[in-house]
Amino acid sequence: GILDDERVVLAYHGKHSLDLLGWQLGDGRGHTYTFPAVQLEEGGALQVWTKGGFQNTPVDLYCGLSKAIWASGTTVSLRTPQGQVV
């Protein structure tokens with residue numbers, strides 16, 4: 001629950017590039033982040049930060065919120081554009 005530290009880290013262990021455009025990260029309580037056009041490469045990782053004020057990069061994405069939304073230990077789900085939990 002500390003805005004400057006709050007983030008979700010996604011690590012990818014697949015063998016091919018993964019396009020995350022339209023995928024969603026959510027906690028089931030109304031907090032949802034929809035991914036822009038970004039790719040995860042084999043062995044790659046990225047961070048989804050709650051805070052705003054920064055420009056997205058290939059490894060750091062920002063929700064643009066002004067307050068923390070996820071407490072430590074909160075379960076979040078990653079869903080494909082079709083709604084399948086991954």
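Which residues does Thr 50 touch, not counting residues up to four places away in sequence? Thr 50 touches Leu 3, Glu 6, Cys 63, Gly 64, Leu 65, Lys 67, Ala 68, Ile 69 and Trp 70, where contact means heavy atoms within 4.5 Å. The legends below place this residue and others in their surroundings.

The model is predicted, so local features need pLDDT of at least 70 and side-chain atom pairs count only at pLDDT 80 or more, while totals for chains, interfaces and linings use all residues. Residues are numbered from 1 along each chain as its sequence is written, and side-chain values use heavy atoms, with hydrogens and water left out.

**View 1. The open sheet β1-β6-β7.**
Three strands form an open sheet in the order β1-β6-β7, and their pairing is mixed. β1 (7–11) and β7 (60–65) stand at the edges with a single partner strand each, so one side of each has no neighbour in the sheet. On average, neighbouring strands of this sheet are turned by 15° against each other, direction ignored. Such angles are taken between axes, which are lines fitted to C-alpha atoms (for helices over the stretch in contact), and run from 0 to 180 degrees between N-to-C directions. Strands are DSSP runs of E with at least two residues, helices are runs of H or I with at least four, and both are numbered from the N terminus. Two strands pair if DSSP finds at least two bridges between them. In general, strands of a sheet pair through backbone hydrogen bonds, either parallel or antiparallel.

**View 2. Strand β6 and its two partners.**
β1 and β6 (residues 45–51) run antiparallel and are joined by five bridges. Along this pairing, Arg 7 has Trp 49 as its bridge partner in β6, Val 8 stands opposite Val 48, and Ala 11 stands opposite Ala 45. β6 and β7 run parallel, with four bridges between them. Val 48 has a bridge partner in β7 as well, namely Leu 61. β1 has a covered face, made up of Val 8 and Leu 10, and an uncovered face with Arg 7, Val 9 and Ala 11. β6 is mostly covered, since five of its seven residues are buried. Buried means under 20% relative accessible area, exposed means over 50%, and partly exposed lies in between (1.4 Å probe, protein chains only).

**View 3. Glu 6 and Thr 50.**
Glu 6 lies in the segment before β1, and Thr 50 lies in strand β6. The two side chains are joined by a polar contact of 2.7 Å. A polar contact is a pair of N or O atoms within 3.5 Å; within protein, one must be able to donate a hydrogen and the other to accept it, and residues adjacent in sequence count only if both atoms are side-chain atoms. Thr 50 has a relative accessible area of 0% and is therefore buried. The side chain of Glu 6 also reaches the backbone nitrogen of Trp 70, at 3.0 Å. Leaving aside neighbours within four places in sequence, Glu 6 is in contact with Gly 1, Val 48, Trp 49, Thr 50, Ala 68, Ile 69, Trp 70 and Ala 71. Glu 6 is buried yet has no salt bridge, and the nearest side chain of opposite charge, Arg 29, is 8.1 Å away. Lys and Arg count as positive and Asp and Glu as negative, whereas His and the chain ends are not counted.

**View 4. The salt bridge between Asp 27 and Arg 29.**
The structure holds one salt bridge, in which the side chains of Asp 27 and Arg 29 meet at 3.4 Å, N to O. A salt bridge is a side-chain nitrogen of Lys or Arg within 4 Å of a carboxyl oxygen of Asp or Glu. Asp 27 is buried because its relative accessible area is 12%. Arg 29, at 54% relative accessibility, counts as exposed.

**View 5. The open sheet β4-β3-β8.**
Another open sheet of three strands has the order β4-β3-β8, with antiparallel pairing. β4 (32–34) and β8 (77–79) stand at the edges, each with a single partner strand, so one side of each is left without a neighbour in the sheet. Neighbouring strands of this sheet are turned by 20° against each other on average, direction ignored. Three bridges pair β3 (residues 24–26) with β4 in the antiparallel sense. Gln 24 has Thr 34 as its bridge partner in β4.

Asp 4 is found in the segment before β1. With 52% relative accessibility, Asp 4 counts as exposed. Asp 4 and Lys 51 are 47 residues apart in sequence, and their C-alpha atoms are 6.6 Å apart in space. Leaving aside neighbours within four places in sequence, Asp 4 is in contact with Trp 49 and Lys 51.
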